[in-house]
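Please look over the model below before reading the points.

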Amino acid sequence: MSNEFFAPGERRAAKVNDLFARIARRYDFLNDLQSFGLHRLWKRRVAELAQVKSGDRALDLCCGTGDLSFALARRGAETTGLDFSPQMLAVAAQRQAANLKLKTENLKFLQGDAQQLPFPENSFDIVTVGYGLRNLTSWERGVDEMFRVARPGARLIVLDFGKPPNALWRAAYFTHLRLSVPLIGLLFCGNASAYAYILESLRHYPAQLAVAEKMRALKLENVRVINLLGGVMAINYGEKPAAT
Ligand SMILES: C[S@@+](CC[C@H](N)C(=O)[O-])C[C@H]1O[C@@H](n2cnc3c(N)ncnc32)[C@H](O)[C@@H]1O
């Protein structure tokens with residue numbers, strides 16, 4: 001199965017950029033609709049796992065419209081949300097300007113590539129990525145960059161679609177992604193293909209077990225996989241060792 005927003009290799013980033021440019025204005029609404037609002041709980045879980053302490057610096061990669069960035073900033077972290085899509089960042093900036101609760105001094109948004117971060121090593125105490133790793137040309141490169149900019153003791157947290165270990169549950173969930181999710185995209189965003197992309201991208205993404213393996217290969221500590229809804233969604237957690 002092919003999708004107009006997926007291309008392997010060098011052309012991947014341009015396609016992904018095009019996709020998010022098209023859906024940016026409807027992105028938050030569609031997220032609520034297709035997850036029945038559950039993505040808010042999962043993101044709150046990520047923010048809790050980040051264990052924000054006074055003076056912490058946080059980096060939220062592929063921040064999109066800013067949900068995780070806002071959550072980290074509201075917990076007190078000096079936060080940078082980074083994304084390569086000007087359209088998604090524009091929505092994040094609008095939200096920040098329009099909502100008093102989100103108008104935090106300690107949050108800034110920045111355009112950039114998650115695979116080539118404009119920060120020196122050992123810069124952040126918290127590095128998160130929500131529904132972003134799966135979209136990168138090289139998810140491994142993304143994790144390498146998270147590791148590089150993390151300070152010793154930093155928490156690295158990845159939230160994304162997962163692959164449920166139970167075969168029956170996985171088949172049911174993939175059917176949902178193949179049929180219902182594109183239909184929701186068509187009805188409410190006028191674009192079925194943009195939402196069919198989720199399944200296509202997941203096919204090319206090895207998901208939670210491989211991310212955990214990669215974290216262990218980097219010698220992260222306390223590496224954990226938290227499966228949500230039987231692995232439909234997953235959080236990967238790891239800590240950069242105090243001395244590397
Ligand atoms: C599914 S959205 C996730 C947004 C937000 N983190 C959330 O959880 O709602 C994926 C985001 O990743 C961004 N993205 C994809 N590839 C990127 C890259 N190489 N560098 C920076 N951002 C990227 C897209 O522009 C998009 O905003």
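1. Helices α7 and α8 are roughly antiparallel (an angle over 145 degrees), because their axes cross at roughly 155°. The two axes come within 6 Å; axes are lines fitted to C-alpha atoms over the stretch in contact, with angles from 0 to 180 degrees between N-to-C directions. Helix α7 spans residues 167–189 and α8 residues 192–203, helices being DSSP runs (H or I) of at least four residues, numbered from the N terminus.

2. This is a predicted model, in which local features need pLDDT of at least 70, side-chain atom pairs need 80 or more, and totals for chains, interfaces and linings use all residues. Residues are numbered from 1 along each chain as its sequence is written, and side-chain values use heavy atoms, without hydrogens and water.

3. On the α7 side, the contact (heavy atoms within 4.5 Å) includes Tyr173, Phe174 and Leu177. Among their partners in α8 are Ala192, Tyr195 and Leu199.

4. Helix α2, residues 27–35, packs against α7 at about 140°, with the axes 11 Å apart. Phe29, Leu30, Leu33 and Gln34 of α2 meet Val181, Ile184, Gly185, Phe188 and Cys189 of α7.

5. Around the ligand are 19 residues (a heavy atom within 4 Å). Tyr27 and Asp83 are among the closest. A polar side-chain atom of Tyr27 is 2.8 Å from a ligand oxygen, and one of Asp83 is 2.6 Å from a ligand oxygen. In the side chain of Asp113, an N or O atom lies 2.9 Å from a ligand nitrogen.

Definitions and conventions
Helix = DSSP H or I, 4+ residues; strand = E, 2+ residues; numbered from the N terminus. Parallel < 35°, antiparallel > 145°, perpendicular 65-115°, else oblique. Polar contact = N/O pair within 3.5 Å; in protein donor to acceptor, adjacent residues only side chain to side chain.
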